[in-house]
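Biologist: I am new to this structure and would like to go through it with you, one question at a time.

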Amino acid sequence: MAVMSARMRRRLFLKATAAGALLGGVGVSASGSALAATAEIEPLAFDSTASQLNAKREPLTDDSLVAVWASETAINVDEDGAEDAIDYPDDADIPLVSSDGGVVGFGAPIVENGADFATGNEEFVLNVLDAEADGPAVAFDDGHGQYYDSDSFSQFLKYAEDNGYQTTATDDLASALPDADAAIVTSPSEAFTDDELDALATFVDDGGALLLFDQSDFRNYDATANLNEIASALGLGFRFNDDQVLDEETNAGIGFVPKTERYNADAFDYFADRPGIAPPDLAKGERYEVDVRSVTDGDTIDVQFPNGYIDTVRILGIDTPETGDTEETTQEWEGIGDEPYLKARGDDATAFAEALLGDQTVSIRFDDEEPLRGDFGRLLAYIDVDTDGSGSYDTPYNRAAVREGYARVYDSGFGQHDSFLQEEFAARREGKRLWGESDPDASATIRNGDVEQLYAPYAAGVRTTDGRLDAKRVPVAAEPTATQLGADLAYTDGVPLVGIDQHARVAMTGSSLIDEAFEDDEFPDDVSGYGNYAFLTSLLDRLADREGDVLIDGGHGQFGAERSVGAEDAANYLRYLEGVGLGFEQVNDLTGDLLARGRALLISAPAEPFTDAELTRLREFVADGGGVVLLGGDVPTEHREHLDAVAEALATDLRLGSGRVIDEQSNLADRASLPTTGNVDDWYRLFDGYDADATYKGPRAGPGVPGESENGPGKGKGKGKGKGHGD
């Protein structure tokens, strides 16, 4: 009883000092550091988080138990499909952190190594320890098969030690509890025994603090049932939900990393601002020596800076096959459809990274064209290795992984993209490692039947410099039931969604057409029956008068830009093209050598303008028989202006209209902003499925000229059977 009394006295003291802080006083933490009295922590980020429930496993609505709620824009889903998640109504608050009698449950391991500590995460968890623990001894459970073990929390544990705590990792938590003031348990994949549950109950009854970290049910890694056994044994008022919380509006760059500052400061003293873990001040153009702490796989490592800060690096410009239980998307890998084969090659890539990077001091640097961090908060960097011990760091890991056949090029906007792609071509040609079983010509033909319907997500109309586009130049229009919001042109027979200028060898579409955002398993409508791929490929062939690959521009900020697409957004289109004997590659530098390998070029709404040199090279490409399709949509005004500038430089009168096309009757997923249409002009012979031997040319044209040749309509001869897979 004496121990319990001391712990209770300390909690009462902390509550009193926090109350004093509201009146202008200063609270003192367990470490003796002063807490800021008037400021709150920064918003919290919950990477892959679950929610919490009440003890009856119903939505938790008791505010006295909830410390942090998700933002109002969040929803929860049953991500693993096991039908064991409890739904929160649309108007309900979703708890992410709950607290009852010294036990605090977190929806995610928010202070694991690699977390974005520019948030308030680490300060928040340390505040929880200060409020709930009556002494410095913290036991971290490593004895139940946790993925997030003490080593994966090492940065936070050091931060806690710097603030006066003494942390100990143990594989026998029950034996460590009598000497501990607080304990941490993260997603135990192995259940606690009855004796261990009894030990935890005694520990908490005696005033010990217990921090329980859950995670989302993605791939069913969460071990929620084991955490709920602990919560039940302790008689807690909350339980953990077998779900995932998503927030597409308030997040740290992607929907499954919700951010929030909805704190229950009236009930809990967890939110005072304090000095946190300070990330190093990084800048482009500089090199940084770091120690490799761990290799996750062939394209991800954890590194430690000289000041002790640990960060995760997503190795820039490459992608290695997935390992373990993570699902692999085979469409991204040219000519490879065997997932077990790719998994084995992923293990090879991990071994390669371990051999070259494991336990090494390496140099990292950043790309001028890419941000320092990606959507997941990870650093995006080149890794250079000092293989001969001279200190020169002369072996670039990123490039070596591609050249040796361990990785493919990840088609983002990074500055070395095209030179990396040349390395990949060489590895493919030689059949190195993962490319040993790549056979694009053996790919099955998919989605190449008659084109009866197309879908045009987030579309805008196509017009001309003079306004209305002649219907004879419109192979695809929206249904007559569609309207174009905010446009100065009205159509009774359907807003033009595609316009052709055969003379200029240019077409303009009012939608991206091949965006994979509408292709994945989570999208409610199956779009595989729509003819976007066959139509677009036939259109490209109609415009072009040369052989080669289908290319897509990726060097003008399309990667990650709303409504724009690059090769990474169109892996299913890559697989379609393989099935009809064509290659598909992204090119970032239009003034370089890669443009010469293309029969046609797709240019999606660019976030950045084209240079005069690039426009000159495009005109030369068109004059030499290349076709260009400008992929538009309901895009930001600046992006539309950049796309129209390309159209002007290519001597066509086609322009992208402003205002979204909506259709309340013909659409995907009952969303008017995702129109579908069968309103096509069969005269164009673009709707029978792509045929490499067919001739798609015709006299309907436009006022443009091919490049600068001023030779009028291109004559065209069809495309033969060129495969387009050489280097």
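Biologist: In H2, which residues are buried, and how many of its twelve residues is that?

Modeller: This is a predicted model, in which local features need pLDDT of at least 70, side-chain atom pairs count only at pLDDT 80 or more, and totals for chains, interfaces and linings use all residues. Residues are numbered from 1 along each chain as its sequence is written, and side-chain values use heavy atoms, with hydrogens and water left out. Buried means under 20% relative accessible area, exposed over 50%, and partly exposed in between (1.4 Å probe, protein chains only). Among the buried residues of H2 are Asn 121, Phe 124, Leu 129 and Glu 132, and the number buried is twelve of twelve.

Biologist: How far apart are the end C-alpha atoms of helix H2?

Modeller: Helices (H or I, at least four residues) and strands (E, at least two) are DSSP runs, numbered from the N terminus. The expected span is 1.5 Å times one less than the number of residues. For residues 121-132 this should give 16 Å, which agrees with the distance in the model, 17 Å.

Biologist: Which residue forms a salt bridge with Asp 549?

Modeller: A salt bridge is a side-chain nitrogen of Lys or Arg within 4 Å of a carboxyl oxygen of Asp or Glu. Here the closest N and O atoms are 2.8 Å apart, and the partner of Asp 549 is Arg 597. Because Asp 549 lies in strand S29 (residues 549-553) and its partner in the loop between S30 and S31, the pair ties together parts 48 residues apart in sequence, the partner being Arg 597.
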